[in-house]
Amino acid sequence: MSRKKSKGRLTRQQRALLHKKKMRKRIILLVLEILILIILGTAAYGMSKLDKLDFHTLNKKNLEIYQDTGDYTNIALFGLDSRGVDWDSEEGVRSDTIMIVSINNKTKAVKVVSVFRDTLTQQGDGSYEKANAAYSYGGPEKAVALLNRNLDLDIQKYVSVNFNALADIIDLLGGIEVDLKTPTEVELVNGYGTETAKVVGRTTTQLTETGKQTLDGIQAVSYARIRYQVFDGDPNDGTDFRRAERQRFVLQQVVAKAKKASLPTLNRIIDKVLPQVSTNLSASDFMGMAANAVKYELGEMKGFPFDVTTSENVTGFEGSYVVAIGFADNVKQLHKFLFDKESYQPSAKVQEINDDIVYLTGIDGDDYEVPPADGQDSGGTDGSYTDDSGYTDDSGYTDDSGYGDSGDYGY
């Protein structure tokens, strides 16, 4: 009897196209992808490369794990705003990017939540501050504990990447092509580039014209940092949402070039970048990810809080804060999004945080209405907010490049 042809069987070309699509979608996991490429090459070679990573053990007792989320592995990703040689130090460095990567171990579906860095959250001592402050208070251990405490999570693993890493990768790939559409974009890339060059420790050139052109690492990172208005008539221009779009575009270009790069180029990237990666992921963790690399499917990505506004009227604090409109309800939405929990009930700790935030801000999820923006979408309930505070709050860092009317280039 002849054997029936499987309806689910793919041709070699279809498998190649499917694999290409999956690789393109996993742009948030860029550093992990490069590691996986090395590990898949040869196990021994990959293991030798992993020695370049900065392994940092976290004390599980200090992580404030709320409860086991079941068939999910949750990893915290931190992009550090480090401006010195001790970028991975325990204290003093804020996490400008905070992401939660949740992997469904059964389906291999991957979801990503980006926590707005200025979100008002409860710190380890019971005080309230911006979410990115926790890393400066006690490194990755405090930062992971903050996520678990405020969001009812069980995160135990983390990956932190140095401020310079993306610029290094882009330079080693020979730059990326970007279409600068307005003179203001060109001007802002040059302005941000002055400060970025100081941080990275090398020079760049000043751009002189609009249009498609190859940007080096410093220029590309500067482009991704733009948070000012560059187009007329776009209500979302100048918002953190547009900056996030630029960042995604840059990462897409990097992944596209990395996929075509030669093994010697990838080797140089690994040698340069891995010393700028701090993690407590073990060699077996990486091997497990490598074994399932082609199965991972990056799904929807969202920002937390989901229902959000900004406020400069926080009792006892100065500056602009991102405030959840109904913190407990936002945590409930988070568990529905990440873990398909339809009727999740936030913990007593989350409810306490919710009540404290209402007291500090006067913003109650039951009856709060977002005030209208003055000609620009600076707040809303869609997870996109305008970061208009700059990066001068209390971190000790101010941009002294002298560029622009205020000299303030928030990262």
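**Exercise 1.** State how the lining of the second largest pocket divides by class.

Solution. In this predicted model, the pocket (an open set of points on a 1 Å grid over the protein atoms alone, where a 1.4 Å probe fits, with protein on both sides within 12 Å along at least five of seven lines) takes as lining those residues with an atom within 4 Å of a point. Six of them are nonpolar, six polar and four charged. Nonpolar covers Ala, Val, Leu, Ile, Met, Phe, Trp, Tyr, Cys and Pro; charged covers Asp, Glu, Lys and Arg; the others, Gly among them, are polar. Next, position: of the 16 lining residues, T73, N74, N105, K157 and D285 lie nearest the centre. Last, the elements: β2 and α10 (283-291) give two or more residues, and β2 gives the most, with four.

**Exercise 2.** Find the residues that F327 is in contact with, leaving aside neighbours within four places in sequence.

Solution. Take contact as heavy atoms within 4.5 Å. The partners of F327 are then L120, N150, L151, F304, V350, I353, N354 and I357.

**Exercise 3.** Identify where confidence is lowest and highest in the chain.

Solution. Start with the chain: its mean is 75, and 69% of residues reach 70 or more. Then go by element, where helices (H or I, at least four residues) and strands (E, at least two) are DSSP runs, numbered from the N terminus. Helix α2 (residues 30-41) is lowest, at a mean of 47, and strand β5 (residues 120-122) highest, at 97.

**Conventions.** Residues are numbered from 1 along each chain as its sequence is written. Local features need pLDDT of at least 70, side-chain atom pairs count only at pLDDT 80 or more, totals for chains, interfaces and linings use all residues, and side-chain values use heavy atoms, with hydrogens and water left out.

Methods
pLDDT = per-residue confidence, 0-100.
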